[in-house]
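The structure is shown below, and the sections after it treat each topic in turn.

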Amino acid sequence: MLYQLRFAGAVYLTILFTMFSFLTGNAAAQDTGKTGEAGASELIPGVAGYVEGWYRSDQSDLSNQTTEAKKVDNEFRIRRARIDVKGNLTDQIGYRVTGNFDGPSPASGPASVKLWDGYIIYKLHPLTTITLGQLKYPFTLEGYEGTPDRVPVLRAESINDIAGKLGTQGGSFRDIGIRIDGGIKKFRGLTYGLALINGAGINKGDNNGKKDIVGRVSISPVKGFNLGLSGYTGRGEGETQQIAVKETAYGLDAEYILNSGFHLRGEYLTASWENWDAATASVSSGKTQKPGGWYIQASSRVPHINALEVLARYEDFEKDSNMGDSHLKTTTFGMTYYLKGKSRITANYLIRDAGKSAVVTAQETDATGSRIGNLFLVQAITVF
């Protein structure tokens, strides 16, 4: 309850700050006499995107799988491709549309084509931007960054499992709603983001009339060192269900970046989904799933070979602290060679130690529990 009150307080403060920004922003515009109209060249949309291919070798025990596709332990994949179009209508109003083209994940069926991002931006004030539509919500450090910016091929299991869907109904680190974000560089590099969302995931209508709240704030106490705090509260039950599914989560992150190319970061995440059964992934009165986890990661450019970066990460994710033996511990070693900009080739080897519980799952395998084995991935990504 205390957490929810604090979170609600943060929402109200942000709304007050937004009203203040709106008033001062309008006053500033009137003083300078700006019309807010963009030049003709600025109306031309910019096109960007990336294409990502993989080779995957899964060393899990797949002998109990019942379909041919699920028994495949190695394959080439087109993991994903994105086409990103964005631009400005005026100095204040912008837009973004991103198309998602995903290859089939292991044994999950056909490839998918989806609207990924689709929103309108209103630059209310130099310190405040309002975004309306289908958008990425601000929650955790790794969850908020895009694939081309991430050094490991896979996100940490805790980020993927908790932040990726934000509760029991979401998905893909995105939802439909409104987001307010911005920052004050002179104030310890303060950045903030707060979103009011349906909480049902992308390309879906709301499953209930209750909106979820999610946000993140970060500061930089000293040069190169950043601290972040994330929070989320919402409801997962459908409109006709009598059992309330209360969802909460919060995370703490820190990172340290040196000019030499050394990068150290870590995150801690925990969540609680009341009246939710982890084993069946469905509403169940009296049960509560409490997932949680952390990771620490170090990466560095290699001296005299600046195009080469090495990585090591250790993570521990517990699927449900109310169930025994549901940990998944993963150690990742990686090496990346940058071709140009963010275009690169990466190889990762993941050493996995999974608990016996059948609720334990892992990315890029259909095995569960102690059947989960090590994983070798090669990623080639071209960013344009």
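## Pairing around strand S7

Strand S6 (residues 174–184) and S7 run antiparallel and are joined by eight bridges. Strands are DSSP runs of E with at least two residues, helices are runs of H or I with at least four, and both are numbered from the N terminus. Two strands are taken to pair if DSSP finds at least two bridges between them. Within this pairing, Ile180 has Leu194 in S7 as its bridge partner. The two strands form a hairpin with five residues between them, and Arg188 in the turn has a positive phi of about 55°.

S7 is also joined to strand S8 (residues 212–222), again in an antiparallel arrangement, by seven bridges. Ala195 stands opposite Val214 of S8. Six of the eight residues of S7 (residues 190–197) are buried, so this strand is largely enclosed by the rest of the structure. Buried denotes a relative accessible area under 20%, exposed over 50%, and partly exposed the range in between (1.4 Å probe, protein chains only).

## Model and overall composition

The model is predicted: local features require pLDDT of at least 70 and side-chain atom pairs pLDDT 80 or more, whereas totals for chains, interfaces and linings use all residues. Residues are numbered from 1 along each chain as its sequence is written, and side-chain values use heavy atoms, with hydrogens and water left out.

The protein chain contains four helices and 17 strands. Of its 384 residues, 46% count as buried. Among contacts (heavy atoms within 4.5 Å) between residues at least 6 apart in sequence, 58% join residues at least 24 apart. The chain exposes about 18,700 Å², of which carbon and sulfur atoms supply 61%. Accessible areas come from the Shrake-Rupley method with a 1.4 Å probe, and for residues only the protein chains shown count as cover.

S3 and strand S4 (residues 112–125) pair in the antiparallel sense over ten bridges, and Asp102 has Ser112 of S4 as its bridge partner. S4 in turn pairs with strand S5 (residues 128–136), also antiparallel, over seven bridges. A hairpin of two residues joins S4 to S5, and Ile120 stands opposite Leu132 in S5.

Asn100 belongs to strand S3 (residues 93–102) and is buried, with a relative accessible area of 0%. Leaving aside residues up to four places away in sequence, Asn100 touches Ala81, Arg82, Ser112, Val113, Lys114 and Trp116. The side chains of Asn100 and Arg82 are joined by a polar contact of 2.2 Å. A polar contact is a pair of N or O atoms within 3.5 Å; within protein, one must be able to donate a hydrogen and the other to accept it, and residues adjacent in sequence count only if both atoms are side-chain atoms.

## Loop residue Thr168

Thr168 lies in the loop between helix H4 (157–163) and S6, and counts as buried at 12% relative accessibility. Its side chain makes polar contacts with the side chain of Gln169 at 3.3 Å and with that of Glu247 at 2.5 Å. Beyond four places in sequence, the residues touched by Thr168 include Trp273 and Trp276.

## Salt bridges

There are 22 salt bridges, each being a side-chain nitrogen of Lys or Arg within 4 Å of a carboxyl oxygen of Asp or Glu. Arg96 and Asp84 form one of 2.8 Å, N to O. Arg96 lies in strand S3 and Asp84 in strand S2 (residues 74–88), so the pair ties together parts twelve residues apart in sequence. Arg96 is partly exposed at 23% relative accessible area, whereas Asp84 is buried at 8%.

The side chains of Asp161 and Lys319 meet in a salt bridge of 3.0 Å, N to O. Asp161 is in helix H4 and Lys319 in the loop between strand S14 (305–318) and strand S15 (327–340), so this pair ties together parts 158 residues apart in sequence. Asp161 counts as buried at 12% relative accessibility, as does Lys319 at 11%. Arg56, Asp58 and Glu75 are linked in a network of salt bridges.
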